[in-house]
Amino acid sequence: ILMFPLYDETKEEKYIKSAVYLTESLKTFPVNSKGGFWHMVNQEYQMWLDGLYMVGPLMVMYGAQMRKPEFFDMAARQACVMYENMMDEKSGLLVHGWDESKQMGWADAVTGKSHEVWGRAMGWYVTALADILDYIPENHEKRRQMIEIEKTLLKAIVKYQDTESGRWYEVVDKGEWEGNWLENSCSCLFVYAISKAIKKGYLSQEYYEAAKKGYEGVINSLSFD
């Protein structure tokens with residue numbers, strides 16, 4: 001995603017050439033039966049939440065810059081496939097991974113889902129969706145669905161915010177577990193996504209206090225030498 005601001009600043013063609021190479025190559029990247037990208041070429045049929053940030057914003061920025069709307073469709077498909085197949089009904093959040101083949105040791109034998117809600121993966125997903133929506137056209141058939149996904153997940157995330165510190169746990173929905181800990185990077189990602197959703201009008205102003213408390217919680221946790 002740095003290729004575009006670098007090109008805008010320098011006008012050096014190498015940055016656009018890199019963006020073209022990277023983004024166009026996604027057309028031939030391996031996918032599962034739902035059209036979801038494998039996490040890596042050697043991780044057959046696996047989708048990991050953090051993968052959405054790795055390619056989603058790049059695809060929609062490229063689609064907008066090069067006027068190629070098919071990349072809006074590709075990004076929307078990744079987000080929706082993840083949401084539809086990685087939902088943890090108990091917490092209302094998304095688990096870290098899904099293996100369509102159900103062959104991985106971490107995959108549930110029936111659903112193929114992993115068993116935990118990892119903070120950073122959840123954070124990368126809602127952050128990616130927040131940024132993707134900046135480029136998805138208003139009339140895109142999946143835009144409303146994606147906004148609803150973002151709203152639903154952020155409302156669920158706020159429920160698991162630690163009331164004392166304002167931060168979130170590494171395993172988001174199991175703060176009571178021994179060995180779990182309050183984790184800054186997922187807290188930063190959640191604060192970003194909540195703040196942006198409020199700014200864009202996807203979430204109401206009532207969620208501002210959660211974002212503010214999370215931001216202050218991270219700042220107050222830092223020590224300086």
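I looked up Trp-124 first. In this predicted model, Trp-124 is partly exposed, with a relative accessible area of 32%. That value lies between the 20% and 50% cut-offs, so I logged Trp-124 as neither buried nor exposed.

Next entry: aromatic pairs. I searched the whole structure and got five of them. I wrote up two.

I took Phe-29 and Phe-37 to begin with. Their ring centres are 5.8 Å apart and the planes stand at 90°, so I noted the pair as edge-to-face. I then checked cover on each partner. Phe-37 is buried, at 9% relative accessible area. Phe-29 is partly exposed, at 25%.

I went back to Trp-124 for the other pair. Its partner is Tyr-53, with 4.9 Å from centre to centre. The planes make an angle of 40°, and I logged the pair as tilted. I traced both residues along the chain. Tyr-53 sits in helix α3, residues 51-66. Trp-124 sits in helix α5, residues 119-132. They are 71 residues apart, so I noted that this pair links distant parts of the chain. Tyr-53 has 23% relative accessibility and counts as partly exposed.

Last entry: the surface. I found a nonpolar patch made of Tyr-215, Ile-219, Leu-222 and Phe-224. Together they have about 490 Å² of accessible area. I placed Leu-222 in the segment after α8, which spans 208-221. Leu-222 is partly exposed, with a relative accessible area of 41%. Patch members need over 30%, so Leu-222 passes that cut-off.

Notes:
Residues are numbered from 1 along each chain as its sequence is written. This is a predicted model: local features need pLDDT of at least 70, side-chain atom pairs count only at pLDDT 80 or more; totals for chains, interfaces and linings use all residues. Side-chain values use heavy atoms; hydrogens and water are left out. Rings of Phe, Tyr and Trp (its six-membered ring) pair if their centres lie within 6.5 Å; planes under 30 degrees apart count as stacked, over 60 as edge-to-face and the rest as tilted. Buried means under 20% relative accessible area, exposed over 50%, partly exposed in between (1.4 Å probe, protein chains only). Helices (H or I, at least four residues) and strands (E, at least two) are DSSP runs, numbered from the N terminus. Patches are made of residues with over 30% relative accessible area and no salt bridge: like charges are joined within 9 Å, nonpolar side chains (Val, Leu, Ile, Met, Phe, Trp, Tyr) within 5 Å. Accessible areas come from the Shrake-Rupley method with a 1.4 Å probe; for residues, only the protein chains shown count as cover. A salt bridge is a side-chain nitrogen of Lys or Arg within 4 Å of a carboxyl oxygen of Asp or Glu.
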